Amino acid sequence: MIRELLKALGPQGARPVRRMLIQLVISAALQAGTFLALLPVLSGLLDGHAPLGSWLVLAGVALAWIGWTIVVQMRSFTVGADSALVLHERIDTALEGLPRGWFRRGRAGEVSQLVGTTALAAMNIPAHFLRPLINAVVTPLLLVAGLLVLDPWVGLAMLLASPVLLLVLWVTDRSVSRADGGRHQIMDHIAERILEFVRAQPVLRAFGHRGREQDRLDGVLAEQQLADRRLIAGSVPGVVMYDLMSRLLYVLAVAVAAYRLSDGALDAAGLVAVVVIGMRMAEAVSTAAGLTAGMRMTRRGLEGVNALLDVEPQRWATNPRTPEHHDVALNSVTFSHGDAPVLHDVDLRLSERGFTAVVGPSGSGKSTLAGLVPRFFDVDSGSVEIGGVDVREMGRYDLAERVAMVMQQVYLVDGTVRDNITLGRPDADEAEIARALRLARLDELVAGLEHGLDTQVGARGDRFSGGEKQRIALARALITRAPIIVLDEVTSSLDATNDQVISATLRAIAQESNLLVIAHRLAGVREADQIVVLDHGRIVEAGRHDELMTAGGVYRGMWEAQERSEGWTLR
Ligand code: ADP
Ligand code: MG
């Protein structure tokens, strides 16, 4: 746990925690010293009188222990708060460096959980866990050393017994962490399910039944209960065993001491010393055992943070190159999402004033391909070039300015419609806004709003339909006049109008930009300069509409299927 914390904090942030560790070791040593200083006093008292010197030593060490511990304990809260801050900053920086494609569905829950729970965890470690932990290790060690001096037999008995204690602790820890691992995954799952459940409410209620989401939520909650039981079943025997063992050791020490007393090898003061010291040791050790569950959870959280911090940040060129023109080329591009290969050896040229459409079944890799151009992801092999310059050699903001993308999933920011449209070009004038509205088929919608462009979209733009939100995002992209425009399944949201209108819009955009359109409905892109058919991450056909129809391959099949199904619905 400590190692995970130090790693998550980084070399700079870990320094105060390291210092704190040393201070705690000193505090534990002072504690052991206090108990050992008790021995001369005890033996003096049993002999009739304790010399003043022994009292003074005891008082001095005890005062030093108490004073030092108070200072360290107070400092531990500051260190905890600082650590939490450092962790937040580091998570923040890491998030900034992550490729945009990392932020897919489900990440929101993950990140918020990380930030929320780990900050608490980071504060807890220095403030609540470290002191008992170090006391449990350092104090008994020193006390055993003291016992060895007092009576070698008693000390030896304790020394030989401690490996047993460690073994019990280790076995417990293994079984608990296995159970806890399963539980942790389920907790992530639950967070996700609850979000889904809430999001799905409007749909579920509209259809008037509990729906799948509720069943799934019930399912994971039941799973959690099971995992909790497993965790308890896995940890309780160990914790109880451990507690029992530490007490048995205590009894053992006292028994050996009593035996030595009857032998005359140890005096009464020695026996009392063993009783007192042994009690303190057993106590320190079992306190630590009680903390193990909390520490394990904390460690899990920190592992999550470290996993996030370990994600390779996207590197941006220090000496960026600027493209001279805006032809786009994908050269033998291969890409996997983790271990799942998505694109294989894709070669594609998009010309500066061209209109390219990518079509294909869902899951064939269309969105992924589109995301490679603005560097949502980086290729595994091959390259993506703009005007002959590898996108990895371009500047971050330069690339963002040159490529405007409208994604399938649109997020509106809180504010007015105007704020949302001019997000990328706050200085756009009314004429430019009007043009973007017209091209995105938003003019009628906006005219119908109570405050027109200055209408608040509300939290996440809930007052608009999915298609309307997507058209707002389209206007947002168009107003930037980016030389490269990528539209992921936007045509479906323009369907509300008709194929001719869609084609006119796309043609207008293509006249001034390099247009890449991902399309599910084929009618809207029939006029594209080139249509690329993607299947299982490979380009299986490419050409103009008539060429592909004549070829009679996959594209023709798709086209006929779509005509048929739409014919059905129309009639
Ligand atoms: P399409 O847009 O053609 O429907 P996608 O490019 O969205 O296809 O997805 C291609 C494949 O990659 C699918 O199997 C999908 O599950 C997977 N995939 C897409 N995005 C991610 C992601 N961020 N992480 C992991 N897998 C992904
Ligand atoms: Mg897609």
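Predicted model: local features only at pLDDT ≥ 70, side-chain atom pairs only at ≥ 80, totals over all residues.
Two packed helices are described by the angle between their axes and the distance between the axes. Helix H2 covers residues 52–97 and helix H3 covers residues 107–150; they pack at an angle of about 160°, and their axes are 8 Å apart. H2 and H3 are therefore roughly antiparallel to each other. Their crossing is right-handed. As for the residues that form the contact of H2 with H3, 14 are nonpolar, eight are polar and one is charged.

I turn now to ligand 1. Which residues surround ligand 1? They are Arg104, His337, Val342 and Pro361, together with Ser362, Gly363, Ser364, Gly365, Lys366, Ser367 and Thr368. Helix H7, residues 366–372, supplies the largest share of the shell, with three residues.

Several distances deserve mention. In the side chain of histidine 337, an N or O atom is 3.1 Å from a nitrogen atom of ligand 1. Serine 364 takes part through its backbone, where an N or O atom lies 3.2 Å from an oxygen atom of the ligand. For threonine 368, an N or O atom of the side chain is 2.5 Å from a ligand oxygen atom. Finally, how much of ligand 1 does the protein bury? Taken alone, the ligand exposes 560 Å², and the protein buries 63% of that.

Key:
Residues numbered from 1 in each chain as written. Chains lettered and ligands numbered in written order. Heavy atoms only, no water. Axes fitted to C-alpha atoms, helices over the stretch in contact; angles between N-to-C directions. Helix = DSSP H or I, 4+ residues; strand = E, 2+ residues; numbered from the N terminus. Parallel < 35°, antiparallel > 145°, perpendicular 65-115°, else oblique. Left-handed = near helix turned anticlockwise from the far one by under 90°. Nonpolar A, V, L, I, M, F, W, Y, C, P; charged D, E, K, R; others polar. Near = heavy atom within 4 Å. Polar contact = N/O pair within 3.5 Å; in protein donor to acceptor, adjacent residues only side chain to side chain. Areas by Shrake-Rupley, 256 points an atom, 1.4 Å probe, with all protein chains shown as cover.
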